[in-house]
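Let's learn to read a structure by asking simple things of it.

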Amino acid sequence: EDLTKQLEELKNELSSLRVTKVTGGAASKLSKIKVVRKNIARVLTVINETQKGALRQHYETMKYAPIDLRQKKTLSLIHISEPTRLLSISYAVFCLKKKKKKKN
């Protein structure tokens, strides 16, 4: 709740800064817009991370979790684990064969 209050204050400040920009305010206020926007992004990041952490904890004991909460794999692992539609070879091997064909 503290973060939401801080977020609202920052958004109000941003809107007032934008009004001063339109009305031709001081240069110091115009440069503050960027700082306020970055602060809003920081607050939103913290809020999203805490929500995601709570959801991860909730789904920890369950058999399946939503895709966005699952552990991220590197592309090489994803390519090897996904079989192609053509044969029973992995996608990485398929790509390598395709590269060799292009060279020849």
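Predicted model: local features only at pLDDT ≥ 70, side-chain atom pairs only at ≥ 80, totals over all residues.

Q: How many residues does helix 1 have, and what span does it reach?
A: Helices are DSSP runs of H or I, at least four residues, numbered from the N terminus. The expected span is 1.5 Å times one less than the number of residues. Helix 1 has 22 residues and reaches 32 Å from first C-alpha to last, close to the expected 32 Å. Gly-24 follows helix 1, with a positive phi near 85°.

Q: Which residues of helix 1 are buried?
A: Buried means under 20% relative accessible area, exposed over 50%, and partly exposed in between (1.4 Å probe, protein chains only). In helix 1, Leu-7, Leu-10, Leu-14 and Leu-17 are buried.

Q: Why do the buried residues of helix 1 line one face?
A: An α-helix has 3.6 residues a turn, so residues three or four places apart point the same way. Seen down the axis of helix 1, the buried residues fall within an arc of 90°, so they line one face. That arc is taken from the directions from the helix axis to the C-beta atoms. On the other side, the exposed residues include Lys-5, Glu-8 and Asn-12.

Q: What do the buried residues of helix 1 pack against?
A: They pack against helix 2. Contact means heavy atoms within 4.5 Å. Take Leu-10: leaving out residues up to four places away in sequence, Leu-10 touches Val-36, Asn-39, Ile-40 and Val-43.

Q: Which residues make up the largest nonpolar core?
A: A nonpolar core is a set of buried Ala, Val, Leu, Ile, Met, Phe, Trp, Tyr and Cys residues joined through side-chain atoms within 4.5 Å. Here the largest has nine residues: Leu-7, Leu-10, Leu-14, Leu-17, Ile-33, Val-36, Ile-40, Val-43 and Ile-47. Helix 2 gives the largest share, five residues.

Q: How many salt bridges are there?
A: A salt bridge is a side-chain nitrogen of Lys or Arg within 4 Å of a carboxyl oxygen of Asp or Glu. By this rule there is one. Lys-32 and Glu-13 form a salt bridge at 2.9 Å, N to O. Lys-32 lies in helix 2 and Glu-13 in helix 1, 19 residues apart.

Definitions and conventions: Residues numbered from 1 in each chain as written. Heavy atoms only, no water. Helix = DSSP H or I, 4+ residues; strand = E, 2+ residues; numbered from the N terminus.
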